[in-house]
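Biologist: Please show me the model, and let us then go through it by question and answer.

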Amino acid sequence: MNPATAEVSENAEIAILGNGPVAQSLVLALGELGRSCLLVDTRPAMAHSPEQNAERTVALAAGSRRLLDALGVRLGDPGLGAIARVQISQARGGPRVELSHRLLAIPEKRLGEVWPLSTLSATIAQGLERLGTVKAKPWGPLQGFSWHPDHVELQWPKARIQARLVVLADGGHGHLGPLLGLQRRGWDHNRQALVARVRVASEPSGERCAYEHFLASGPLAFLPVDAPREFSLVWSLFPSEAAVLLRANDVVFLQKLNAVRPQGLAAVTEVHNRGFYPLYFQQYTAAPESRVVLLGNAAQTLHPLAGQGYNLGLRDSITLAALLRESLERAEDPGAIQLLQDFQRIRRRDRLEIIAFTEGMNRLFGLRSAPVHLLRAAGLAALQMSPGIKARLAARLAGLRLPSASHIPDLDVENAAYART
């Protein structure tokens, strides 16, 4: 057989489909046990799309930063990308809610930080290189899948893997649900997220702030980035609006954006790297007996309004790694039904709470009637006057206060200004 066309055959305890931050974080969390893994980059060759030119960013919660630090990921000082406080508001004025790190008395003095996705991915990849336990195979989209009682078989045109556990952590880009027999639920938001980097006329006073401003079309977010007066923009728009604004000249775009920008933010004067992507909610699940487990966006694709996608995925990875370390150290089957049931049980509450929050906020602020607007304003005013509730919300969004069933050691806030439950 010609070596150039010979089929590659591999055996692995764990096959990880995906080569992004969530998949790589799992390998880092496994440590030396990662030698039992095979990491496969399943991304398809992408045709040119409006999204390609856009700068994608990740809102990294304070709790997630602690987890990455523990894994030896050396991100460095976030600098101007630190989120010290978050302002929540709605269109047509009214009360604003401010969540601050001061509510929690945490040493980081920030609720989170914003990093370019490319920087986060490259830094985690450097950690993998130092670990040296696994190399990624660039085989592209999975072509075939077959289940056996003690293993699964994965097939590509020139490669074949037998694994005892398959971890799907491809960000949902591989469209593998039907092939792997996954159960799906979800809905289309009928919105596009227009993303860009923008510059404002003057630096906001005080500590660096992220703005979450709710419009009729959905949330408009400004996230501080690593340059003075600059923000990462995520603007939820109806598809027709997004198409027009993506192609509009800078003058028209800035006029439209400044007409709806949140209170307290100076006028936007520059825009760069516009792009867009569709917004939808999607959740996939696999039966425990399938030897398949899903992490991050492969498990749940969320609305970006709370910036929780990677943070949820990282907690998925940390939890699965802990269970797999115990299993592999005892020479047990990593694809055992009990292990996958334990994973689903531990992660269920954290996932459901974040899904309920993001979908609930998006729907609540999407209601347009005047009475609902007044009720929302009253609710925001009441929340702003309730430091205890604000502290709980800030700690939850910062990844520092998880449900007890989904607890991860060493993340709880110490000496916090709220009572634990």
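Biologist: Which residues do ring pairs link into a cluster?

Modeller: This is a predicted model, with residues numbered from 1 along each chain as its sequence is written, and local features need pLDDT of at least 70, side-chain atom pairs pLDDT 80 or more, while totals for chains, interfaces and linings use all residues. Side-chain values rest on heavy atoms, without hydrogens and water. Rings of Phe, Tyr and Trp (its six-membered ring) pair if their centres lie within 6.5 Å; planes under 30 degrees apart are stacked, over 60 edge-to-face and the rest tilted. The cluster joined by such pairs consists of Y211, F222 and F231.

Biologist: How many aromatic pairs are there by this rule, and why do F214 and F365 count as stacked?

Modeller: The count comes to 6 aromatic pairs. For F214 and F365 the ring centres are 4.1 Å apart, so the pair is stacked, given planes at 20 degrees.

Biologist: How many residues apart are F214 and F365?

Modeller: Strands (DSSP runs of E, at least two residues) and helices (H or I, at least four) are numbered from the N terminus. F214 belongs to strand β13 (residues 209–215), whereas F365 is in the loop between α8 (337–364) and α9 (370–384). F214 and F365 are both buried, where buried means under 20% relative accessible area, exposed over 50% and partly exposed in between, with a 1.4 Å probe and protein chains only. The pair thus links distant parts of the chain, and the separation is 151 residues.

Biologist: Why is the pair of F222 and F231 edge-to-face, or at what angle do the planes stand?

Modeller: F222 and F231 are both buried. Their ring centres are 6.2 Å apart, and the pair is edge-to-face because the planes stand at 85 degrees.

Biologist: Which residue has its charged end over the ring of F231?

Modeller: A charge sits over a ring if NZ of Lys or CZ of Arg is within 6 Å of the ring centre and within 35 degrees of the ring normal. R274 lies over the face of F253 in this way, at 4.6 Å from the ring centre. Over the ring of F231, 5.5 Å from its centre, sits the charged end of R208.

Biologist: Which element gives the most to the lining of the largest cavity?

Modeller: A cavity is a set of points on a 1 Å grid over the protein atoms alone where a 1.4 Å probe fits but cannot get out, and lining residues have an atom within 4 Å of a point. The lining comprises E212, P219, L220, A221, V234, S236, H303, P304 and L305. Two or more residues come from each of β14 (218–224) and β15 (230–237). With 3 residues, the element that gives the most is β14.

Biologist: Which strands are the edge strands of the open sheet of 8 strands?

Modeller: Two strands pair if DSSP finds at least two bridges between them. The order of the sheet is β6-β5-β13-β14-β15-β12-β16-β18, with mixed pairing. Pairing on one side only, the edge strands are β6 (97–100) and β18 (300–301).

Biologist: What residue is the bridge partner of Q282 in β18?

Modeller: Strand β16 (residues 268–285) runs antiparallel to β18, joined by 2 bridges. In β18, the partner of Q282 is T301.

Biologist: How many bridges join β3 to strand β7?

Modeller: Strand β3 (residues 57–61) is largely enclosed by the rest of the structure, because 4 of its 5 residues are buried. A61 stands opposite G112 in β7. β3 and β7 (residues 112–116) run antiparallel, and the number joining them is 5 bridges.

Definitions and conventions:
1 Å grid on protein atoms, 1.4 Å probe; cavity = no way out; pocket = protein on both sides within 12 Å on 5 of 7 lines; lining within 4 Å.
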